[in-house]
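Please prepare a briefing on the structure below, covering its charged pairs, its fold, its surface and its backbone.

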Amino acid sequence: MSDRTADTREPAARTRERTLSVTTLAAEFHAPSLTDFFPPALLFEGTPFELDRLMLVRLLMTAVLVAFLLVAFRNPRLVPRGLQNIGETAVVFVKEQIAEEVLGKESGRKFLPLIATIFFTVLFLNFSGIIPGLNISSNARIGMPIVLAAIAYITFNYVGIKKYGFLKYMRSSIVVPNVPPALHLLLIPIEFVSTFILRPFTLTVRLMANMLAGHIMLVLFFSATWYFLFDATSWMKVFSPFSLLAGIGFTLFELLVVFLQAYVFALLTAVYISLAQHADSH
């Protein structure tokens with residue numbers, strides 16, 4: 001009886017031992033989770049001004065952006081150098097490659113402050129995702145992308161309504177000319193959803209999803225490096241250089257994404273303004 005009992009308990013004991021070893025092996029690894037994007041409050045908890053780590057990162061990068069612009073353009077020289085040279089190069093890029101390229105010189109100059117503000121805001125908030133100690137972009141949480149998308153949305157609709165009036169602007173935006181009348185039953189809902197719903201939605205989700213995915217990938221690579229070096233068994237340590245190199249490589253790739261997302265958001269804002277200005281030439 002005791003032998004049979006021992007035999008029946010032995011597999012269970014082995015199972016518990018294996019489970020315990022796996023749990024112990026992975027005890028120090030903390031996978032990315034929603035707490036990365038919704039951390040506990042650090043200041044003013046329970047008030048409308050509650051600040052968590054992500055909000056503090058956002059405020060810090062905003063302060064860095066303002067300081068950069070103030071220092072760069074405080075005493076402009078005829079021949080720029082230092083931070084002024086960097087700032088002017090960035091502004092000229094937005095002016096020539098986005099605003100004037102899409103909207104033309106006159107409208108480009110008119111909307112340059114808005115487009116440049118969006119570009120630099122997205123760029124600097126994204127950049128915190130690869131700064132050691134910060135390690136996350138506040139654009140990875142949906143709040144700021146929604147605000148930026150709302151600004152773009154209100155602007156291009158205001159431009160269209162101001163130029164054509166509300167009814168003509170709506171009709172020009174959703175009615176496709178020179179198609180059989182029966183097709184309007186299909187095309188009008190599609191054009192309405194595409195113009196007035198999908199535009200702000202895609203602006204928001206594209207920015208948030210890219211920065212969220214980038215944060216998760218960097219956390220996985222560098223967490224894996226730490227795990228292989230300090231927590232894994234000896235034979236698994238050989239994988240640490242590979243995960244480290246992957247993390248460094250992905251950080252360089254994330255630098256491109258940081259700039260690309262700022263460029264795309266500003267560019268699409270300019271495109272939507274241009275489409276609103278020429279809504280009658282659908």
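## Salt bridges and overall picture

A search of the whole structure finds 3 salt bridges, a salt bridge being a side-chain nitrogen of Lys or Arg within 4 Å of a carboxyl oxygen of Asp or Glu. This is a predicted model, in which local features need pLDDT of at least 70 and side-chain atom pairs count only at pLDDT 80 or more, while totals for chains, interfaces and linings use all residues. Residues are numbered from 1 along each chain as its sequence is written, and side-chain values use heavy atoms, with hydrogens and water left out.

**Charged pairs**

- The side chains of Asp-52 and Arg-141 meet in a salt bridge with an N to O distance of 2.8 Å. Asp-52 lies in strand E2 (residues 51-52) and Arg-141 in the loop between H3 and H4, so the pair ties together parts that are 89 residues apart in sequence; helices (H or I, at least four residues) and strands (E, at least two) are DSSP runs, numbered from the N terminus.
- Both Asp-52 and Arg-141 are buried, where buried means under 20% relative accessible area, exposed means over 50%, and partly exposed lies in between (1.4 Å probe, protein chains only).
- Lys-95, Glu-100 and Lys-105 are linked in a network of salt bridges, in which the N to O distance is 2.8 Å for Glu-100 with Lys-95 and 3.4 Å for Glu-100 with Lys-105.
- Arg-199, placed in helix H6 (residues 184-231), is buried yet has no salt bridge, and the nearest side chain of opposite charge, that of Glu-191, is 6.7 Å away; here Lys and Arg count as positive and Asp and Glu as negative, while His and the chain ends are not counted.
- Leaving aside residues up to four places away in sequence, Arg-199 touches Phe-156, Ser-194, Tyr-272 and Leu-275, with contact meaning heavy atoms within 4.5 Å.

**Fold and packing**

- The protein has 7 helices and 2 strands, and from the N terminus on its elements run α-β-β-α-α-α-α-α-α.
- Of the 282 residues in the protein, 35% are buried, and among contacts between residues at least 6 apart in sequence, 66% join residues at least 24 apart.
- The 22 residues of helix H4 (residues 143-164) should span 32 Å at 1.5 Å a residue, and the end C-alpha atoms of H4 are 32 Å apart, which agrees; the expected span is 1.5 Å times one less than the number of residues.
- The buried residues of H4 include Met-144, Leu-148, Ala-152, Phe-156, Val-159 and Tyr-164, and what covers the buried residues of H4 includes helix H2 (53-73), helix H3 (83-127), helix H5 (166-174), H6 and H7.
- Gly-143, found in helix H4, counts as partly exposed at 35% relative accessibility. Gly-143 and Met-208 are 65 residues apart in sequence and 9.0 Å apart in space, C-alpha to C-alpha.

**Surface**

- The accessible surface of the protein comes to about 16,800 Å², of which 71% belongs to carbon and sulfur atoms; accessible areas come from the Shrake-Rupley method with a 1.4 Å probe, and for residues only the protein chains shown count as cover.
- Phe-127, Phe-222, Leu-244, Leu-245, Ile-248, Leu-252 and Leu-255 make a nonpolar surface patch of about 630 Å². Patches are made of residues with over 30% relative accessible area and no salt bridge, with like charges joined within 9 Å and nonpolar side chains (Val, Leu, Ile, Met, Phe, Trp, Tyr) within 5 Å.
- Helix H7 (residues 240-277) gives the most to the nonpolar patch, with 5 residues; Leu-245, placed in helix H7, is exposed with a relative accessible area of 59%.

**Backbone**

- Most residues other than glycine have a negative phi.
- Phe-44, in the loop between strand E1 (41-43) and E2, has a positive phi near 55°.
- Asn-135, found in the loop between H3 and H4, has a positive phi of about 65° although it is not a glycine, and Asn-135 counts as partly exposed at 38% relative accessibility.
- Just after H4, Gly-165 takes a positive phi of about 90°.
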